[in-house]
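Subject: A structure for you to explore

Hi there,

Here is the structure I promised to pass on to you. Have a look at it first, and then read my notes below.

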Amino acid sequence: MLSPYQHGEVFVLDDGGETDLDLGHYERFIDIRLTKTSSVTTGKIYQGVLDRERAGGFNGRTIQVIPNITDEICRRIKEISRESKADFVLVEVGGTVGDIEGEPFIEALRQMRRELPPEDTLNVHVTWLPYIQATEELKTKPTQHSVRTLRSMGVAPDVIIARSDHPVPQNLCQKISDFCDIELPAVIPLVTCKQLYEIPLTLHKSGISDYIFSHMQVKPPQKPDWAEWEWLIKETNRKNKPTVKIGLVGKYVELHDAYLSVREAVHHAALHHGIKLDLHWIHAEKIQNGDSLEELNRMDGIIIPSGIGSRGFEGMIRASEYARTSGTPFLGICMGMQAMAIEFARNQLGLSNANSVEFDEKTSAAIFDTAESLGLPLNAGPYVRLGLHASKLKRGTLIMKAYDKQRIEERHNHQFEFNKAFCEPFEAQKMKINAQDDGQNLVDGIELAGHPFMVGVMFNPEFLSRPNRPHPLISLRERSF
């Protein structure tokens, strides 16, 4: 389990891999579906070596960082290559050069480069050029020192990406080339862009693609078609678009990265509908205390995303009640659906103590319950469903209108399920069950009949949204404005 305050959002993959937000960026930019083998952490590496040792895999020999840990890192990189059958494998070593945590990974890359033909590897070093305000100049010393540190570890960069908030003059690129022994075309300045999605176009214009193909002796199969990306940038910068205010009511809004995929998914939908997004980060605890209720009045729509734990949940329930009674478009995702359902049970079904057993184990009206209590099979962990699962949609519902098909596949990440004993009472009061799991008939979604748009889902649609292909459920919600 990852803390949103330390790692940002927990990005869930098709196979149930729980990773940090970096893999979400890769999926959105490259439009691919990754697996848990793409997430290689120090914990996984050491656990793999320990498991092998316990099973007698080393015949009692001494276990060392070199070669045992580094060999395990190399093995996992090669495993990704075999599993994906990719033409290129992109390996990102996070952190800063010189960090003790990263040294085994740097050593593993050195070993792989020695084992493979020269044209089969390319080392790209991303550095930062600090700007000295007093003299109004960029400095290359940190880049020079980080390259020297890398070389002392046996790794020589082939390409340097020089990040900066200010334009990088050609003479500085030449200086980096001279002092770091890098070819001038391989020194790529990357100035901070106004929009994240400008970066691929900026990098392509820098000539890095041609340099990579030349170094790796690969002939590109086709010329890239940048039409969609160019449209995205043009649409992002277009003026005089109608503004829509969206209130994101969450538990971790102090760190926006905790809801990165939600933010990006709404941004994708807004772009494709010609809308300027004005996203408001509203803390659920402040609504719970009555401090931010007035801010909801100014919103054109409300989203309640995922979360864990009782803190702020009553504030989410109050936000859900406001959306229901005011007719404000609303989308509840996982915990957001819990808030939507429990609020409805309390105020429309008269079940004043309605709750989830996550927050009240003794409630007599458990709208959401554990797998064991609901008679569901137990998995090897806290989750009832984790990863990609299929759902059947009910005809004539808003969610069916969004997807325009009856069977869908979405990613799940939750420990509690809707208690089907409440399906009939909900339906009788116009809260429709609009989606069910294709295997176990678990409730995957609800929506309020007669409301402009009030939908809750147990899955996470934001994980499958793409810049050029907004998620249909979030896109439909945008059109409801």
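Strands β17 and β18 (residues 443-448) run antiparallel and are joined by five bridges. Two strands are said to pair if DSSP finds at least two bridges between them, while the strands (E, at least two residues) and helices (H or I, at least four) are DSSP runs, numbered from the N terminus. Before we go on, please note that this is a predicted model, in which local features need pLDDT of at least 70 and side-chain atom pairs count only at pLDDT 80 or more, while totals for chains, interfaces and linings use all residues. Residues are numbered from 1 along each chain as its sequence is written, and side-chain values use heavy atoms, with hydrogens and water left out.

Is β17 mostly covered or mostly open? It is mostly covered, as five of its seven residues are buried. Buried means under 20% relative accessible area, exposed means over 50%, and partly exposed is in between (1.4 Å probe, protein chains only).

Three strands form an open sheet in the order β12-β13-β16, with mixed pairing. β12 (355-356) and β16 (417-418) are at the edges with a single partner strand each, so one side of each has no neighbour in the sheet. β12 and β13 (residues 366-369) run parallel and are joined by two bridges, with N355 opposite A366 in β13.

**Helices to look at**

Which residues of helix α10 (residues 227-237) are buried? They are W229, L232, I233, E235 and T236. Seen down the axis of α10, these buried residues fall within an arc of 165° and so line one face of the helix; the arc is that of the directions from the helix axis to the C-beta atoms. Their cover includes α2 (21-30), α8 (199-206) and α11 (260-272).

S475 sits in helix α18 (residues 472-479). This serine, S475, counts as buried because its relative accessibility is 9%. Leaving out residues up to four places away in sequence, S475 touches A269, H273 and P470, where contact means heavy atoms within 4.5 Å.

**Backbone details**

The peptide bond from I66 to P67 is cis, with omega near 15°, and P67 belongs to helix α4 (residues 65-84). K85 is not a glycine, yet it has a positive phi of about 55°. You will find K85 in the loop between α4 and α5 (103-115), and K85 counts as exposed at 69% relative accessibility.

Of the 26 residues that line it, V10, S306, G307, I308 and N413 are the closest to its centre. On a 1 Å grid over the protein atoms alone, a pocket is an open set of points where a 1.4 Å probe fits, with protein on both sides within 12 Å along at least five of seven lines, and lining residues have an atom within 4 Å of a point.

Enjoy exploring!
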